[in-house]
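Take a walk through this fold, strand by strand and then ring by ring. Keep the coordinates open alongside the text.

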Amino acid sequence: MAKERIDVEGGKTYGPYSPGVKANGVVWLAGQIAPEAGEDTASQTAASLEKIDSLLDAAGVNKNDICFAQVLLENIDDFAEMNDVYSSWLQGIEIPPARAAFEVSALPRGAKVEIVVQAIDRKCC
């Protein structure tokens, strides 16, 4: 199976990368940020997760297919705020993805949170 780019109409990237890539039944999404969503971590988390939903849909999968999530926070003290939104987003998921979350010194565009996910296409291979 050839490598394919995953993109959504109107999606925006901030550099020379693909929003997502799918190959051999594996889906990798670039880190999603949403500084335009507001100044608080909860708003940016919700908007980043909406972008992830759209990209997963474009790849023919959904959040049930996510195996791993990585959350980067500008301030680890915002973990609970992010986690509340993330937990709500996962409602109904039988097996939540494995996850890592940590503080970084800075994120692109002044974002407070960036979320990276990897999923599998169970219909493939």
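What follows starts with the sheet, then turns to one glutamate, an aromatic pair and the cysteines. The model is predicted.

Strand β1 covers residues 4-6, and strand β2 covers residues 20-23. The two pair in the antiparallel sense, over 3 bridges. Arg-5 has Val-21 of β2 as its bridge partner.

Next comes strand β3, residues 26-29. It runs antiparallel to β2, and 4 bridges join them. Lys-22 stands opposite Val-27 of β3. Ala-23 stands opposite Val-26, also in β3. Between the strands of this hairpin there are 2 residues. Asn-24 takes a positive phi there, near 50 degrees.

Now look at the two faces of β3. In a regular strand, side chains alternate between the two faces of the sheet. The covered face of β3 carries Val-27 and Leu-29. The uncovered face carries Val-26 and Trp-28.

Move along to β6, which spans residues 113-120. Glu-114 belongs to this strand. Is Glu-114 buried or exposed? Its relative accessible area is 14%, under the 20% cut-off, so Glu-114 counts as buried. What surrounds Glu-114, beyond its neighbours within four places in sequence? Its contacts there fall into several stretches of the chain. Gly-31, Gln-32 and Ile-33 are among them. Gln-70, Val-71 and Leu-72 also touch Glu-114. Leu-107 and Pro-108 are contacts as well.

Turn to the aromatic rings. How many aromatic pairs does the whole structure hold? A search finds 1. The pair is Tyr-86 with Trp-89, and it is tilted. The ring centres lie 5.9 Å apart, with 45 degrees between the planes. Both residues sit in helix α2, residues 79-89. They are 3 residues apart, about one turn of the helix.

Tyr-86 has a relative accessibility of 4%, so it falls under the 20% limit. Trp-89 comes out at 10%, so it also counts as buried. Tyr-86 has a further partner. Arg-99 lies over the face of the Tyr-86 ring, at 4.6 Å from the ring centre.

Finish with the cysteines. A disulfide is a covalent bond between the sulfur atoms of two cysteines. How many disulfides does the structure have? The count comes to 0. Cys-67 shows why: the nearest cysteine sulfur, that of Cys-124, is 13 Å away, whereas a disulfide needs the sulfur atoms within 2.5 Å. Cys-67 itself has a relative accessible area of 40%, so it is partly exposed, between the 20% and 50% limits.

Technical notes: Residues numbered from 1 in each chain as written. Predicted model: local features only at pLDDT ≥ 70, side-chain atom pairs only at ≥ 80, totals over all residues. Heavy atoms only, no water. Buried < 20%, exposed > 50% of the residue type's maximum accessible area, 1.4 Å probe, protein only. Contact = heavy atoms within 4.5 Å. Phe/Tyr/Trp six-rings, centres within 6.5 Å; stacked < 30°, edge-to-face > 60°. Lys NZ or Arg CZ within 6 Å of the ring centre and 35° of its normal. Pairing = 2+ DSSP bridges.
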